[in-house]
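Dear colleague,

Please read the notes with the model open beside you.

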Amino acid sequence: MPKRPDDGSKDPLTVTPPRKWAAGVPAVAHALEYSLGQTSPLRAGETLLTMNQVDGIDCPGCAWADPSPGHRHRNEYCENGAKHINDEATTRRVTSAFFREHPVSDLAQRSDMWLNDQGRLTEPMVKRPGSDAYEPISWNDAFELLSSELTSLDSPDEAVFYTSGRAGNEAAFVLQLFARAFGTNNLPDCSNMCHESSGFALHETLGTGKGTVSLEDLHHADLIFVVGQNPGSNHPRQLSALEQAKRNGARIVAVNPLPEAGLRRFKNPQKPRGVVGHGTRIADRFLHIRGGGDLALFQGLNRLLLEAEDARPGTVLDHDFIRTRTDGFEEFSRHARTVEWDDILRATGLTREEIEDVRDDVLRSERVIVCWAMGITQHKHAVPTIREIVNFLLLRGNLGRAGAGACPVRGHSNVQGDRTMGIWEQMPDSFLDALQREFGFDPPRAHGLDSVNAIRAMREGRIKVFLALAGNFVRAAPDSAVTEEALRSCRLTAHISTKLNRSHTVCGDTALILPTLGRTERDYQSGGEQFVTVENSMSEVHTSRGRLKPASPLLLSEVAILCRLARRTLDGTGNIPWHDFEGDYGEIRDRISRIVPGLHDFNRRVVRPGGIRLPNAVNEGVFHTPVGKARFTCNAWDMPHVPEGHLLLQTLRSHDQWNTVPYTSDDRYRGIHGSRRVVFVNPRDLTGLGLGEGDHVDLVGVWTDGTGRRAEDFQVVAYPVKPGCAAAYYPETNVLVPLDSVAETSNQPAYKGIVVRLEPVPAGRAPVSG
């Protein structure tokens with residue numbers, strides 16, 4: 001692989017000891033340094049002081065919940081949120097002159113960091129068939145081009161409409177409405193690649209795809225599990241909630257193949273003890289688990305709880321809850337006792353004493369919450385793992401009551417809201433029936449394509465048009481070379497975007513860049529200034545209102561782009577007032593209020609401080625499963641198989657990264673400076689493999705069909721990863737994840753279960769930078 005020019009890398013890799021705590025004064029300093037490198041002090045202040053405030057800008061980063069109005073800090077944001085919002089608010093601009101200087105072939109050689117650093121997109125651009133360059137195009141011509149391609153398709157199912165969590169509720173609703181009025185359910189989204197396994201497992205067992213807890217529940221739990229999650233980098237404001245829980249008496253169990261700074265100790269920069277003191281110890285226990293061993297861990301805990309009930313009948317399990325609210329307990333109980341301890345210990349890499357100590361924590365706790373993220377969902381056996389977590393919660397009645405429940409932590413601002421608005425290729429008939437009643441057309445009923453199946457369909461020539469609302473599909477998707485080949489096979493690719501990214505360099509015959517307003521910017525339409533709404537991880541829907549002048553007078557809002565395209569394309573299909581929707585987003589919310597349960601009287605209720613908390617039937621003791629009760633399940637023991645001389649690799653973010661975009665080449669919590677092409681390996685494994693720290697290796701992924709995928713030139717870093725495991729940053733390592741390596745049932749890519757061998761880089765081969 002040739003060296004990419006101008007990739008933002010600086011000095012050669014230097015490694016320092018990993019941090020033993022997160023946040024503190026350095027977090028403030030780094031946030032300000034990055035923010036002021038992107039924009040002026042005045043603009044940075046305007047974004048930061050309104051961020052996550054009532055009637056302010058919702059953080060475009062993670063989906064963590066805000067404290068209730070009246071309990072928010074004046075600086076209600078984290079280091080990474082500050083970077084993310086000012087990355088969007090940057091004063092750097094990408095104009096048509098930039099594209100004249102940089103043909104597509106040049107941009108394709110640039111790094112993700114370099115592309116992002118160029119600034120905000122300012123005018124619509126088109127790459128024509130046979131051309132190697134983007135050139136300006138008017139909005140009118142862009143809509144005509146895209147509409148003509150769509151209407152010329154042999155079937156609506158030859159188009160795909162992808163969505164990222166960056167989109168607000170109003171744009172997401174309009175997109176799904178347009179796609180379904182056009183005639184397809186091909187609505188893949190970023191949730192297909194992050195929490196799809198959570199949705200399938202929770203729907204099956206509880207009758208809802210969402211978590212069941214609130215921020216207040218976390219504050220008042222007795223015991224909190226943080227499993228397969230790194231809040232210090234990916235959801236930093238969660239650390240404030242965990243700190244509050246600790247001060248209220250909670251114990252916290254961290255479960256992860258890597259020790260993470262944020263789960264060791266948190267220095268809250270908004271508190272004096274976080275500035276001059278030692279901060280707060282977060283995890284009382286750290287289970288240094290083998291990758292993919294979480295299913296076995298919860299099977300072991302569940303067996304121990306059943307055996308404790310045998311020893312002390314009537315004192316361990318919540319028999320009244322099990323009898324009245326659940327189904328399948330007897331079968332589960334028999335199955336749980338068949339899982340062998342040798343298998344549990346082999347899969348987890350833990351001792352029985354470690355698991356029994358956690359059992360004792362559980363027995364001392366009346367209110368238990370389990371939080372999890374992509375360290376759970378991105379495994380082949382992710383759905384059974386989450387079902388087993390539900391079994392664990394059901395045994396002691398830790399669902400549907402205060403201070404207890406299931407907490408899947410979403411990684412992007414409105415990804416959960418997208419689903420509420422209908423962005424799913426498998427929406428139930430009840431939602432489609434409501435669309436039909438409201439708009440007078442019959443939506444398609446056949447399930448559409450998710451992200452993985454959309455790539456397969458593009459590769460096979462069954463998709464001709466790919467339209468993305470925000471996101472960076474190429475870098476978020478697995479099997480990078482296959483994904484890029486698939487997109488290039490389309491007749492037209494179009495991206496509604498704020499900034500340049502890798503997906504803009506992977507073009508169909510024709511490619512469009514449709515620049516849009518960011519969440520930070522004021523949005524004026526014919527009906528006046530508009531706001532959008534978003535939904536966080538805890539089902540709270542609230543407003544977000546931009547404050548800054550738009551980056552360019554040629555920008556259109558996401559809603560405006562989609563409504564104008566729909567008017568051009570659909571020729572009156574359905575009774576859908578696209579013009580009214582564009583002029584006043586309140587008109588969209590009026591229609592949503594009649595379609596989405598829990599959002600009645602949407603316009604009036606959402607502007608109240610704190611917005612609307614959507615109802616969760618589980619918390620009312622109602623389970624919308626086929627049997628009308630929560631379901632215990634029997635899950636076969638499973639663990640990844642790793643041949644001798646190989647390691648189990650997981651992909652992860654650096655601290656200076658948001659989703660697919662690195663902001664710098666550093667990861668200071670893990671002690672990495674100057675490079676992202678590193679692989680973390682336990683020192684014991686390095687010795688066994690005959691490697692030394694600093695060696696350059698290729699990561700060669702080994703797939704079950706015997707084929708291999710190669711990520712070239714990574715530098716080895718000795719790190720306290722669980723023996724037998726390794727870790728490296730994505731999206732650089734997505735190339736190693738085969739398209740067919742997915743979670744059972746959910747079809748979510750298995751980014752956390754990659755079997756690799758480490759091959760020394762041949763002498764004389766040019767290094768790959770970055």
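Tyr162 and Phe473 are both buried, a word used here for a relative accessible area under 20%, with exposed meaning over 50% and partly exposed in between, for a 1.4 Å probe and protein chains only. This is a predicted model, in which local features need pLDDT of at least 70 and side-chain atom pairs count only at pLDDT 80 or more, while totals for chains, interfaces and linings use all residues. Residues are numbered from 1 along each chain as its sequence is written, and side-chain values use heavy atoms, leaving out hydrogens and water.

Rings of Phe, Tyr and Trp (its six-membered ring) pair if their centres lie within 6.5 Å, and planes under 30 degrees apart count as stacked, over 60 as edge-to-face and the rest as tilted; by this rule there are 23 aromatic pairs. The ring centres of Tyr162 and Phe473 are 4.9 Å apart and their planes stand at 70°, so this pair is edge-to-face. Because Tyr162 belongs to strand S7 (residues 159-163) and Phe473 to helix H25 (residues 473-476), the pair ties together parts 311 residues apart in sequence; helices (H or I, at least four residues) and strands (E, at least two) are DSSP runs, numbered from the N terminus.

For Phe178 and Phe182, the centres are 6.3 Å apart with planes at 40°, so the pair is tilted. Phe178 is buried, with a relative accessible area of 0%, and Phe182 also counts as buried, at 14%.

Ring pairs also link Phe98, Phe99, Trp114 and Tyr134 into a cluster.
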